[in-house]
Amino acid sequence: MSEPQPVVSMRRIGKKFGGVTALHDVDLDASAGQVLAIVGDNGAGKSTLIKILTGVYQPTSGSIHLDGKPLEMNSHSDAKALGIDAVYQTLALADDLDPAANMFLGSELTRSFMGIPYLDNKTMRLEAVRVLDERLGVKLRSMDVATESLSGGQRQAVAIARAVYQPDLRVLVMDEPTAALGPQETARTLKLIKVLRDEGLTILLISHSLDDVFEVSDQIQIMRRGRRAGLVKTEDSSPKEVLGMIVGAAEDAA
Amino acid sequence: MTNQSPVTHADAGRSWQDRLEPYLAIIGPMAMIAMILIVMAILEPTRYFRASNFNIIFLEAALYMPMAMAMTFVITQRGIDLSVGSVAALTGIIMAFAMKQYGFAPWFAVGLAITTGALFGLINGLVITRFKVPDLIGTLAMDLVYRGFALVLAKGLVLARFPDLITDIGRGRIPGFIPIPVLIGLTTFVVGAFLLRKSWFGRYSIAIGSNPEAAEMTGISVNRYKIYAYVLMGAMAGLAGLMLTGKLNAIQATSAPYFNLHVIAAVVVGGTSLFGGRAYMLGSLAGVLLLSMMINALVTLRIEFFWQSVASGVVIILSVAFYTWLQKKDRDGSKGLLASLRTPENNKIYKLAGALVSALLVFVVLGFLFAADTTGSG
């Protein structure tokens, strides 16, 4: 099977925080319409790697290519402008605002009256309902309530909707999307991930739950002590093998 | 059908709260306003319920309206401004000097007052965002600075007698219509309500107060919007200084002593949360009216002026406690008031309180027992 051209490729990424080396020459390739899961123990370098991809950190060495072109990012906004966005574990929602306001937070739709722009709450609400329904298959009971009163899965959907509303979104990073969710909500979120994958997005999923990883991912990249300890095709692997690579059992045996 | 009924039931119960929620901010102050009206109807109906008295109430309330509007934004962002009283006094004095000593035309003096206030607000905002001084300490310290400058400028002078424009702004009346300051105050609230619902500033103020980290992550310039709020606050405090000067036709360095507490009380009574994220513009307006009615009631009942500070403080505590209680999700879990008071933790506090009261009693008793003759020293 021929590999599709990766949308994002990170080459020999290194990152040092003072004297501590968080990443050593890590590679990462992710393709369109695929879910790449990144797993690893705490402190293995997953988050650092992802933060470099989303422009939050700048790498000490190595290069990032998007569609084969080298990237230079100085902030998260740069990454967003290039079509790389992330849904954080904390979701970054303002709980007192309604779902539509949250979805458009930071990129509000406006109208103007005599040259004075103002927020177009009505259109934002209609668009929020449309995006949630059409792209994510989520219907909220009310668009007037504070986001705080929504369930964990619905809040997640609002946060995802914010990311996918950008028309030029290419790469979506999801950091522990199911960590705080119950079984039903988890199933729903995994379904969302599949929906987005089928729309052709490149998805990077960070998760501690191997069940989730094996359900949705196409490839699994295992991180260990700041290095890529392995890269497997999900269908050819097993949770046991991946777990062994996470804890370094194979390495110790060798 | 049958298995759907519990869902609809829970739904109905929830929507009842949802429907009530937006009006909570109004119900609180309205209930208290009704209470004042009832009490006054019993105690002093003839002197309280007079058109001239209500005119006094509205004139008093108008003075606080612009500041309450701006303070709603500041508090929504989890900030607080304890310098508004001094900013009002200092801008009033600067404006007065500009007209009296340098012959400024009244219109320019008006513009000067508002922009000077805005500039002081900018300084507050920069102190808080650039020097990272917490809002409470930063504005408290700047309160001392502004008050100090007011005293330095005016010494003990009372500057009085201003042009008609100034007194019109402070206490004028459009014939057959409402007083000009009330019109100004209500206009600021209309602008405030628009800003809150329809502007980036209002939206981001709620976002910042609700979750500052999230606001930052979505690319909102948190510090810039905080500065905007303080600039608005300063401008409105400047406007209040101008209105106060016009209302009294006089200004001095010690004017506006209780503005801070009064404005914060009005906003908090109106349901805007001191913990940020919840803004109720209409509630702030109702809060301003409530406080003015309360203070007027105290005056009508011939209670000493100094009690109004006590009353404002008590109103702040009560309303914050009330809204916090409303927010508490699981009230059903607690076993009634008495049971919750008898926890081991509380028993320790009772012991401490008991010890303090007994110590106090000992000192009072000893003080009286060994009291010296006071006639000589007095």
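1. A residue counts as buried here if 20 or more other C-beta atoms lie within 10 Å of its own. Please keep that cut-off in mind for what follows, and keep in mind too that this is a predicted model.

2. Let's start with Asp98(A). With 23 other C-beta atoms within 10 Å, Asp98(A) is buried, because the cut-off is 20 or more. As for where Asp98(A) sits, look in the loop of chain A between strand 6 (84-87) and helix 3 (99-103).

3. Which residues does Asp98(A) touch, once its neighbours within four places in sequence are left aside? They are Met143(A), Asp144(A), Val145(A), Ala146(A) and Thr147(A). Along the chain, Leu150(A) is 52 residues apart from Asp98(A), and the C-alpha atoms of the two are separated by 9.8 Å.

4. Now to chain B as a whole. Its secondary structure consists of 16 helices and two strands. Chain B has 378 residues, of which 41% count as buried. Among contacts in chain B with a separation of 6 or more, 79% come from residues 24 or more positions apart.

5. One helix pair in chain B is worth a visit in your viewer. Helix 4 (residues 84-100) and helix 12 (residues 259-269) of chain B have axes that come within 7 Å and cross at roughly 125°.

6. Finally, the contact between the chains. Chain B brings 17 residues to it and chain A brings 16. On the side of chain B that touches chain A, the elements giving two or more residues are helix 9 (200-210) and helix 10 (212-217) of chain B. Helix 9 of chain B gives the most to that side, with five residues.

7. What is the make-up of the side of chain B that touches chain A, by class? Its residues divide into seven nonpolar, six polar and four charged.

Technical notes
Residues numbered from 1 in each chain as written. Chains lettered and ligands numbered in written order. Predicted model: local features only at pLDDT ≥ 70, side-chain atom pairs only at ≥ 80, totals over all residues. Axes fitted to C-alpha atoms, helices over the stretch in contact; angles between N-to-C directions. Helix = DSSP H or I, 4+ residues; strand = E, 2+ residues; numbered from the N terminus. Buried ≥ 20, exposed ≤ 12 C-beta atoms within 10 Å, placed from the backbone. Contact = placed C-beta atoms within 7 Å. Nonpolar A, V, L, I, M, F, W, Y, C, P; charged D, E, K, R; others polar.
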